Amino acid sequence: MELKPETIEKIDRLIPRYPVMRSAALPLCHLVQEDQGYLSDEAIEWIAARLELEPINIAEIVTFYPMLRREPTGEYHVRVCRTLPCALGGAYQTCRRLEEELNVKVGHTSEDGKVTLEFVECHADCGKAPVVMVGEREYTDVGLEAASELAAKIKNGSL
Amino acid sequence: MALEEQRLIFKHIDAPGYTRDIDCYLKHGGYEQLKKAVTMKPEDICAEVTASGVRGRGGAGFPAGVKWKFLDRKSGKPIYLICNADESEPGTFKDRQIIHKDPHQLIEGMLCSAFAIQAKLAFIYIRGEFFEGYRILEEAIEEARAKNLLGDNILGSGYSCDIIVHRGAGAYICGEETGLIESLEGNRANPRIKPPYFPAALGLYQCPTIVNNVETLCDVKHIIELGGEAFSKIGTPGNTGTRIWCVSGHVQKPGYYEFPCAALTLGQLINDVCGGLKPGRKLKAVIPGGSSSKILRADERFKGKLKDGTEFDWGIEDIPMDFDSLAAVGSMSGSGGVIIMDDSTDMVEALANINYFYAHESCGQCTPCREGVPWMRKVTARMCAGEAREEDADLLNGIADQIAGRTICAFGEAAAWPVQSFIAKFKDEFVEKAKEQASRRKEGKPAATETTLI
């Protein structure tokens, strides 16, 4: 596993800030995932070694936290909030529209590897439901029309 | 007539020309309270916070001053302050605004609090989905450090404190303070049993630790500015300060609105502040304090006695928005997330949606929760898939009763309360759904499986 120099630099700066090294486990998972796209066995072993832990100590947190992934996502990672306030605002219909237009079932990655579509739980912006995230960017008030526009931009790569 | 908001925490949020950088914050009197705080005696700040009567804004509504009093100051171990910015109770979106639009207010509130409890290191545990919020806080902390408002020897006072922003990774249970601490230690966020693990005595790294919500820590800044006594005059006795009500669901103008506690009723919030329901719709139910709080039915009468002995007889729209009134009607003001449902809402589907959430978020540590909550999810999912049974309502209630009170943390209650209250208030709809589906089967029609909320 080859990490980018800036990732290594961030890791080296971060670890000594914590009074106990193990506290850096979750932040390191984030940094390595951002660098690699997901957390492979090799990545888990690398993080464990860096923090002087056993691989199981990292594996158990990777399997606990929903945002940590064992597999890469598509080029576009689309997360639709499905929790009650968003659902009252039409999130399920929004997701169905995205499924149709992106040609991918929710919970899956499209065959061409372009889009991963997922349901997620509350993103804490319930006043602007439905909420959709694409990568790290949040889109709010994503009704049917906005969903179609979002899908079109994803398809032609302009997002 | 629209009611005027009275903004304290959100004073500058969305104000024209107000930006989140430190220069703008300083121009608006920022960090003056920190300057004042470091000249005070730490115990005097604690006394002001106690006098203010401010109650925790994260959900439980526990008085912050009392929480601080529990702090073990004699252990000789380092003391830590943690800001709970996990904001994950469905329906709540106030902390996001503070972090995105006025991060220095939080930092100042935290530094004042950290000084009061003599913590040399503080953490902001921010939910993982707040990618931008995380970057904003990191930037704000460096801005404050450059001006010697944070870090070593703050403003020449001899007091030093640093803040680390620590990202979560999508687990609701990290909002529970001992789960949060476990997570911060690099473990799965399995909550700890209390006693003995009260954070004020045995918290982070088994050291005395105070965990407060974002809004509560911002309140501390205003308590120092106004004085505890004056702060306690906002709102009503026992329900002091302002609350930021986050309104979502079926209203014309969902959003965040700040009012003194008890300054308005639920009806005024829905009709005057949020522009009422969508045209032609009628109010059906309200979840007043985040999705785990017990649901209120629009046509019920709420009768009983308040803490001070006064009797009340309210319709849903008469309920004053404060901690004690919402508790008196059998629910809670929780995190301030008010979810409004109109008469288009299918209550079985709404509960199925909530059950899905809690089943997804159970940490799996305690058997009643790990097994019971997914079981409730399965029952409500089956009901929505055309296979409802008349006895399902009682089954659900029975499962919920076996979870609440039998788990290490309050998640058991958080998952059980929606089920118990939906069945208590809307059992008729659960039974009706089963009957309707049975009659369809009798007529040889295919099951109705079209749903909107699950």
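The contact between the two chains takes 45 residues from chain B and 32 residues from chain A; residues are in contact if their C-beta atoms, placed from the backbone, lie within 7 Å. Several elements of chain B give two or more residues to the side that touches chain A. They are strands S3 (162–167), S7 (242–249), S8 (255–260) and S13 (337–342), with helices H8 (177–184) and H14 (347–361). Helices (H or I, at least four residues) and strands (E, at least two) are DSSP runs, numbered from the N terminus. H14(B) supplies the largest share of this side, 6 residues. By class, the side of chain B that touches chain A has 20 nonpolar, 18 polar and 7 charged residues. Ala, Val, Leu, Ile, Met, Phe, Trp, Tyr, Cys and Pro count as nonpolar, Asp, Glu, Lys and Arg as charged, and the others, Gly among them, as polar.

The model is predicted: local features need pLDDT of at least 70, side-chain atom pairs count only at pLDDT 80 or more, and totals for chains, interfaces and linings use all residues. Residues are numbered from 1 along each chain as its sequence is written, while chains are lettered from A and ligands numbered from 1 in the order in which they are written.

H14(B) also packs against helix H17 (residues 411–442) of chain B. The angle is about 155 degrees and the axes lie 9 Å apart. Axes are lines fitted to C-alpha atoms, for helices over the stretch in contact, and angles run from 0 to 180 degrees between N-to-C directions. The two helices, H14(B) and H17(B), are therefore roughly antiparallel (angles over 145 degrees). H14(B) contributes B:Met347, B:Val348, B:Leu351, B:Ile354 and B:Tyr358 to the contact. Residues from H17(B) include B:Pro418, B:Phe422, B:Phe426, B:Glu429 and B:Lys433. The residues of this helix contact divide into 12 nonpolar, no polar and 2 charged.

Chain B is divided into domain 1 (22–233), domain 2 (243–342) and domain 3 (347–442), with bounds from an automatic or database domain assignment. The centres of domains 1 and 3 of chain B, taken over C-alpha atoms, are 36 Å apart. In chain B, 11 residues of domain 1 are in contact with 8 residues of domain 3. The domain 1 side of this contact has 7 nonpolar, 3 polar and 1 charged residues.

Strands S11 (residues 302–305) and S12 (residues 311–314) of chain B pair in the antiparallel sense over 4 bridges; pairing requires that DSSP finds at least two bridges. B:Phe302 stands opposite B:Trp314 in S12(B). The hairpin of S11(B) and S12(B) has 5 residues between the strands. In this hairpin, B:Gly309 takes a positive phi near 95 degrees.

Terms used: Parallel < 35°, antiparallel > 145°, perpendicular 65-115°, else oblique.
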